[in-house]
Amino acid sequence: MNPLLDASFCIPDVEARVMPDGRLYLYGSMDRPGQKGYCSDQYHVFSTDDPKLERWVDHGVAFSSEAEHMEGLCPQGTILYAPDAIYRDGLYYLYFCTSDNKEGVAVSDTPYGPFHSPRAIPLASGDSIDPAVFIDDDGQAYYFWGQFHLKGARLNPDMCTLEEGSVCSGILTEQEHGFHEGASIRKRNGKYYLVYTDISRGRATCLGYAMADAPLGPYRKCGILLDNTGCDPQSWNNHGSIEEFNGQWYVFYHRSSHNGIFSRRVCAEPIFFLPDGTIREAEQTSGGAGGPLNAYSPIPAGAACHMTGSCHIRLDAQEGAILSGCGGGAEAAKTGWLKWAEYRELDFGKGPSFGKITLRGTGTLFFRTTQNRLLGHCTVDSSQFITLSFPTDSSIQGTLPLWILFDGEGIEVKEMRFFME
């Protein structure tokens with residue numbers, strides 16, 4: 001289910017890596033829920049062996065610029081931007097960047113840290129952000145970094161310094177490829193894939209990708225992997241990676257919350273390669289790796305994948321992820337549609353007889369699906385969260401998207417579930 005992690009964790013900019021123990025690890029920056037600002041001075045690492053990507057272990061603080069001795073690199077407590085990590089010869093290397101454009105590497109003997117002994121990466125540190133690391137089949141390691149124009153170079157065997165004379169500039173550019181930031185590199189069937197934040201649709205909400213026959217290029221832009229437009233009314237950027245796990249490839253990306261561009265949370269969708277090696281564009285869903293959500297199990301309101309108007313996900317320290325919205329009035333009368341949030345998709349099976357929803361506020365919620373069919377509605381007038389039952393149209397069956405339409409003020413939803421008699 002999307003987002004992947006508990007609502008208390010806002011982990012964007014994720015590099016997903018299968019490490020030698022077979023577990024899938026997430027290395028990302030860390031927003032503070034509700035905070036107006038990108039990232040923090042900590043990284044947490046998460047891992048799973050669950051094929052549906054539902055059960056995750058939080059391994060705690062893996063690296064902190066406040067706790068580590070950062071002399072010669074950056075002031076202690078400096079904000080940490082997007083990281084990457086890789087295994088080589090018994091050690092795990094965490095590559096990080098900071099809000100003052102410094103780039104560094106720390107080491108650990110476990111994939112989840114704690115990572116220690118940070119040091120700068122000469123030739124890259126001070127030259128923009130967002131590191132990416134890759135080890136080719138012949139054992140040669142490569143390092144990429146940059147914003148607006150991507151640079152890359154060979155890593156020396158120490159995995160901490162770049163081979164002088166190997167630096168390549170303009171591997172990806174904003175003008176030719178729509179490259180904004182956030183490069184990530186993988187290899188499949190002899191082809192190299194650079195995934196990156198793509199601004200070619202006018203905003204940095206896309207993950208684009210380019211392909212090449214060699215790690216340092218030249219790269220040809222091939223398309224968009226996913227666009228997170230609509231995940232929040234104010235969403236701005238996207239940043240992620242692709243990784244194969246248990247025989248399935250996924251794209252990892254993030255969605256913002258709190259009706260803003262921050263408080264970003266990691267999500268994942270399966271992706272599928274075409275015969276020529278290109279990748280079909282994926283769409284945002286509520287189920288993610290697990291497929292459509294079971295309408296007859298509890299559905300967290302925070303699983304909404306598209307929202308419009310004032311509708312947004314609010315992260316509450318006590319209540320978790322809350323769907324908040326209001327709507328109605330002249331717009332509703334004119335269009336027939338109100339402010340809404342979408343769940344894509346729910347499996348209704350043979351059709352529900354009634355639903356239950358936990359919410360508070362004043363107004364009416366309408367539940368609609370394809371062809372504007374009304375599944376049901378309920379009216380609330382409570383300043384406290386209460387659970388209401390409402391009848392549903394049992395002829396609505398199968399796997400379908402669901403829209404919750406708001407007509408009222410200050411309505412907040414925690415959870416819903418449908419039932420068959």
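In which sense do β1 and strand β2 pair, and over how many bridges? β1 and β2 (residues 24–27) are antiparallel and share four bridges. Strands pair here if DSSP finds at least two bridges between them. Ala16 stands opposite Leu26 in β2.

The model is predicted: local features need pLDDT of at least 70, side-chain atom pairs count only at pLDDT 80 or more, and totals for chains, interfaces and linings use all residues. Residues are numbered from 1 along each chain as its sequence is written, and side-chain values use heavy atoms, with hydrogens and water left out.

β1 and β2 belong to an open sheet of four strands, with the order β1-β2-β3-β4 and antiparallel pairing.

The chain contains two helices and 27 strands. Both are DSSP runs numbered from the N terminus (helices H or I, at least four residues; strands E, at least two). The C-alpha trace spans about 70 × 45 × 40 Å along its principal axes. Of the 421 residues, 58% count as buried, that is, under 20% relative accessible area (1.4 Å probe, protein chains only).

The lining of the largest pocket comprises 15 nonpolar, four polar and five charged residues. Nonpolar covers Ala, Val, Leu, Ile, Met, Phe, Trp, Tyr, Cys and Pro; charged covers Asp, Glu, Lys and Arg; the others, Gly among them, are polar. β22 (312–316) and β23 (320–327) each supply at least two residues of this lining.

Methods:
Buried means under 20% relative accessible area, exposed over 50%, partly exposed in between (1.4 Å probe, protein chains only).
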